[in-house]
Amino acid sequence: MRLNDLKAAATVAMLLMSNLGQGLTPQVLAQQAVSQTGGQTDAQRAAAGPQAAGQQVSPIAPAEPQAIANDTTGQPGLPQAPAPKLTEPLFLRDTLKDYSKLKRYTLRNPLLPYTPTYVPSPTLNNSPRLGDLLRDGKIYLSLADAVTLALENNYDIAIARINLDIADTDLLRAQAGSTLRGVSTGLVTGTLGGTTTTITSGGGPGGTSTSTGGSGTGSSGLVLSTNGGGPTPYNLDPTLTANLQYEAQVAQQSSSFLTGSSQINTNTGTFDFGYTQGFLTGTQLGVTFNNTRQTTTSARSGYSPELTSGFRITGTQHLLQGFGPGINGRFILQAKNDRRITDSAFRQQLLYTINQVENIYWALVSGYEDEQAKERALAQSTQLAADNRKQLELGTLAPLDVVNSDSSVATDKQALIASRSNLEYQDLLMKQAIARNLNDPQLAKAPVIPTDRVGLDRLPEEDTDVEDLVRQAYVNNPQIEQAILTMKNNQITIRGERNGLLPVVDAYAFYGANTIGGAQNPLQNCGTTLSTATFVPCTPTNGGVNPTGYGTTFGNLFNSTAPDKGVGVNVSIPIRNRAAQADQARSQMEYRQTQMRIQQLYTQIRIQVINGQYALTNDRAQVTAAQAARDYAAQALDAEQKKYRLGASTTALVLQQARNLATAENNLISATAAYAKDRAALEQLVSSTLDRYGISLGDAASGTVTQKPLIPGLTAPKAPEPPKPLTATPQPPPQQQ
């Protein structure tokens, strides 16, 4: 034992003896020992060396002490991780049409806002690029072509693309002061495929699956969130109302003593107008303008026709609940956050679908190579069976050997049929992932020939320090970006619910006037008394009225002839206020859930990234071992066949070596495809797929790819190498990279 190790052991023993009575945990004692011995021992530093260089180390090697980071974001409330990178460019759109700014008033067409907006029908035809790949009845497809066609034709991406425009309509509603309808930002997973019988699971040590979520306990199983809760803002769009009415009424009278008739005919024309508009300050302005023209046969009315006119301007201001732009404009801020969430969700959809298309492509490659391997195995067993029959005819071979070779031929035929069925299914899955219309007979029958194979060049992520790789995932992952934006929306909701706790106190003031005019009623009697029956018409000199027109009546509204003004306060205080208290408390709880959800995302992504890095290391080792096993099996079969031709072997031994070669080839195909899938999965976890392949978010949003992706790490297909001849000194096995 070294001197440093002896000193460290002695220090730990002294600490244990002196601090056992103080209730210190072994972890705390170990930290104290490390600090007092000046850090790690030589063995610990040696164990930590490869990890610092980005290599996998022993899982039981002790961790090097690190300083505790109390704040790495600079923003209170966010977990200890770098801030996410926003999805850019912001406000992605599939067309040049901005659905957050639709139809407005114009001088040429003032009725334009009241006409419907036409949304173009979706394109259900394949992009021309797919037809360009069809040659000699076959579709020659590279991985870059598959990704490009998926960006143009895949239904999952096309459906998610419409969410960008839906989010714009919510922003338009918010600008009018209306509540939000929300946008679906979940992944669209309608593309089938990604699995094959020739690919086993990847080489990572673990995996997770999404469990079934609990059912809702609200009405009909629905659970409502407090999102958008709080005082409802005034309608920010002006509203103009009008009421134009004509009424002819005949009213029977019980006595004609006062009215002079047994029935009264009244004709009334109503012309009322109103204007209402709300403002972000919590203010509402209302203007009413009312007009009436009435004629009557009643002798008791002084005017016929009678003209009345009146107006009132009323201003109302929220003083507590609903006060200020911060409360009334919160839906606009939330709609903008939702728009950014939709952009991020679309980027997440691209990462998911591209990864799925890659999985389908590598499944197609493995199925294609498996079918070729099965053909080679059938050709070998068929040739052996033919040679055995010739020897049987010559009398140099027993009939049992012919039976064995014929049985092997039947087994290989069955394996080839199963492999071809799997290849045809993978071919169909590839087509439905990159095409919209499979009704074209030529396209449906044309086989897809994959022209790319995965290379074994090391990815930069494999040699990156695990902490740096995790940090890249934190910055680029769209789920974290969406969770943080959701948390901002929750903060907006908290402000709204807190304001909703306050009583309603509204101050208002109004100013207006009401005037009357018209002509003297000719039926009114100003001279008749109870003792005489003389009828004297009413004139201004004996108590009648001066006749006035509508112009005079309207003018009297503004010359203080009959003003109407006042101020007041409306107060509404909910006793106990339990509903508002419950919503305010729930908004806080939902905010806490979001905080924990973000921290959970960080933990999950860390584990997934580390697991993905381990998976590539294991997959590479598996591919290298499978390649060596295939080469050894080919050499063994070649040697056994030579011995058989010399009469030094049997049919059973040759068939056994052939089966070993078929198994080795299948293992190599499976291991290579698993490596390709795990490589794409790691790029998806780090969210570097779009940048690595040179995919433009703008092109993906429009559905028109102007530049084909450049996917690194690919090679051209090549036939299996013939077995190398055996020598007296075989070559050593290949070293792991």
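**Aromatic pairs**

I began with the rings and found that the structure, which is a predicted model, holds seven aromatic pairs. I looked up Phe-311 and Phe-558, which form a stacked pair with 5.2 Å from centre to centre and 25 degrees between the planes. This pair links distant parts of the chain, since Phe-311 belongs to strand S6 and Phe-558 to the loop between helix H14 (550-555) and S10, 247 residues apart. Which of the two is buried and which is exposed? I noted that Phe-311 counts as buried because its relative accessibility is 12%, under the 20% limit, whereas Phe-558, with a relative accessible area of 52%, is exposed because that value is over 50%.

I then turned to Tyr-474 and Tyr-602, an edge-to-face pair with 4.6 Å from centre to centre and 75 degrees between the planes. Tyr-474 sits in helix H12 (residues 466-476) and Tyr-602 in helix H15, so this pair ties together parts that are 128 residues apart in sequence. I found Tyr-474 buried at 8% relative accessibility, and Tyr-602 buried at 3%.

I also recorded one aromatic cluster, formed by Phe-289, Phe-311, Tyr-511, Tyr-550, Phe-554 and Phe-558.

**The open sheet**

Next I followed the strands, and I saw that six of them form an open sheet in the order S3-S4-S5-S6-S9-S10, with antiparallel pairing. Which strands stand at the edges? They are strand S3 (239-252) and strand S10 (563-572), each of which pairs on one side only. From one strand to the next, the twist averages 15 degrees.

I went through the pairings in turn, starting with S3 and strand S4 (residues 263-279), which run antiparallel and are joined by 14 bridges; here Thr-241 stands opposite Gly-274 in S4. S4 and strand S5 (residues 283-296) also pair in the antiparallel sense, over 14 bridges, and Thr-270 stands opposite Thr-292 in S5. The hairpin of S4 and S5 has three residues between the strands, and in this hairpin Gly-282 takes a positive phi near 90 degrees. S5 and strand S6 (residues 303-318) run antiparallel and are joined by twelve bridges, with Thr-288 opposite Arg-312 in S6, and the hairpin from S5 to S6 passes through six residues.

**Helix H6**

I checked helix H6 (residues 155-175), whose 21 residues reach 31 Å from the first C-alpha to the last, close to the 30 Å expected at 1.5 Å a residue. At the start of H6, I found a side-chain oxygen of Asn-154 within 2.9 Å of the backbone nitrogen of Asp-156. After H6 comes Gly-177, which has a positive phi near 85 degrees.

**Two single residues**

I looked up Thr-451 in the loop between strand S7 (448-450) and strand S8 (453-454), and I found it partly exposed, with a relative accessible area of 29%. What does Thr-451 touch, leaving out residues up to four places away in sequence? Its contacts are Tyr-140, Leu-141, Ser-142, Tyr-361, Thr-715, Ala-716 and Pro-717. A polar atom of the Thr-451 side chain lies 3.4 Å from the backbone nitrogen of Ser-142.

Last, I placed Ser-587 in helix H15 (residues 578-645), where Ser-587 counts as buried at 2% relative accessibility. Not counting residues up to four places away in sequence, Ser-587 touches Thr-226, Thr-493, Ile-494 and Glu-497.

How values were computed:
Residues are numbered from 1 along each chain as its sequence is written. This is a predicted model: local features need pLDDT of at least 70, side-chain atom pairs count only at pLDDT 80 or more; totals for chains, interfaces and linings use all residues. Side-chain values use heavy atoms; hydrogens and water are left out. Helices (H or I, at least four residues) and strands (E, at least two) are DSSP runs, numbered from the N terminus. Buried means under 20% relative accessible area, exposed over 50%, partly exposed in between (1.4 Å probe, protein chains only). Contact means heavy atoms within 4.5 Å. A polar contact is a pair of N or O atoms within 3.5 Å; within protein, one must be able to donate a hydrogen and the other to accept it, and residues adjacent in sequence count only if both atoms are side-chain atoms. The expected span of a helix is 1.5 Å times one less than its number of residues. Two strands pair if DSSP finds at least two bridges between them. Axes are lines fitted to C-alpha atoms, for helices over the stretch in contact, and angles run from 0 to 180 degrees between N-to-C directions. Rings of Phe, Tyr and Trp (its six-membered ring) pair if their centres lie within 6.5 Å; planes under 30 degrees apart count as stacked, over 60 as edge-to-face and the rest as tilted.
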